[in-house]
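Me: I am new to protein structures and would like to learn how to read one. Could you take me through it step by step?

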Amino acid sequence: MTERHTVKSLPGISHSGGPVLRVESSIRSAITAISPFVDKLMLFIKRCRCVPGNEIDVEVSLREALANAVVHGNHEDPHKHVYGGRLPMYAR
């Protein structure tokens, strides 16, 4: 199955640091899908300076949340997906 990633700018919504981005994504429910996804997302987060100085905290939280969803939520069933819903990120 294919991972789906979408990054959208929300018109008319802003934050003191800049525009708000909505990140929607899904990965297959497999432990091996977590690292490639988080690595790509962290590159994006670092480039847009969404959380300057707190990138490691975001990365650890993402890895733990995704592992929890894969292992406990979907019981590592590769036919299922973990959906990221809407994750507001404030670009600076």
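This is a predicted model: local features need pLDDT of at least 70, side-chain atom pairs count only at pLDDT 80 or more; totals for chains, interfaces and linings use all residues.

Me: Let's begin with the layout. How many helices and strands are there in the protein, and in what order do the elements run from the N terminus?

Reply: The protein has 2 helices and 4 strands. Starting at the N terminus, their order is β-β-α-α-β-β.

Me: How should I think about a nonpolar core?

Reply: The general idea is that nonpolar side chains tend to be buried together in soluble globular proteins. Here, the largest nonpolar core has 15 residues, and Ile27, Val38 and Leu66 touch the most other members. S2, H1 and H2 each give two or more residues to this core, with H1 giving the most, 8 residues.

Me: Which residues does Leu66 touch, leaving out those up to four places away in sequence?

Reply: Leu66 touches Ile27, Ile34, Phe37, Val38 and Val82.

Me: Next, the largest pocket. How much space lies in it, and which residues lie nearest its centre?

Reply: The largest pocket holds about 210 Å³ of space. Its lining has 15 residues, and Phe37, Leu62, Leu66, Tyr83 and Gly84 lie nearest the centre. By class, the lining counts 11 nonpolar, 3 polar and 1 charged residues.

Me: Which element gives the most to the lining of the largest pocket?

Reply: That is S2, with 5 residues. At least two lining residues each come from strand S2 (18-28), helix H1 (31-48), helix H2 (55-73) and strand S3 (81-83).

Me: Last, one residue. Why does Glu55 count as buried?

Reply: A residue is called buried when its relative accessible area is under 20%. Glu55 counts as buried because its relative accessibility is 19%. Glu55 is in helix H2, and it touches Met42 and Lys46, not counting residues up to four places away in sequence. Glu55 and Met42 are 13 residues apart in sequence, with 7.5 Å between their C-alpha atoms.

Conventions:
Residues are numbered from 1 along each chain as its sequence is written. Side-chain values use heavy atoms; hydrogens and water are left out. On a 1 Å grid over the protein atoms alone, a cavity is a set of points where a 1.4 Å probe fits but cannot get out, and a pocket is an open set with protein on both sides within 12 Å along at least five of seven lines; lining residues have an atom within 4 Å of a point. Grid points are joined across faces, edges and corners, and a volume is the space filled by probe spheres set on the points. Ala, Val, Leu, Ile, Met, Phe, Trp, Tyr, Cys and Pro count as nonpolar, Asp, Glu, Lys and Arg as charged, and the others, Gly among them, as polar. A nonpolar core is a set of buried Ala, Val, Leu, Ile, Met, Phe, Trp, Tyr and Cys residues joined through side-chain atoms within 4.5 Å. Buried means under 20% relative accessible area, exposed over 50%, partly exposed in between (1.4 Å probe, protein chains only). Contact means heavy atoms within 4.5 Å.
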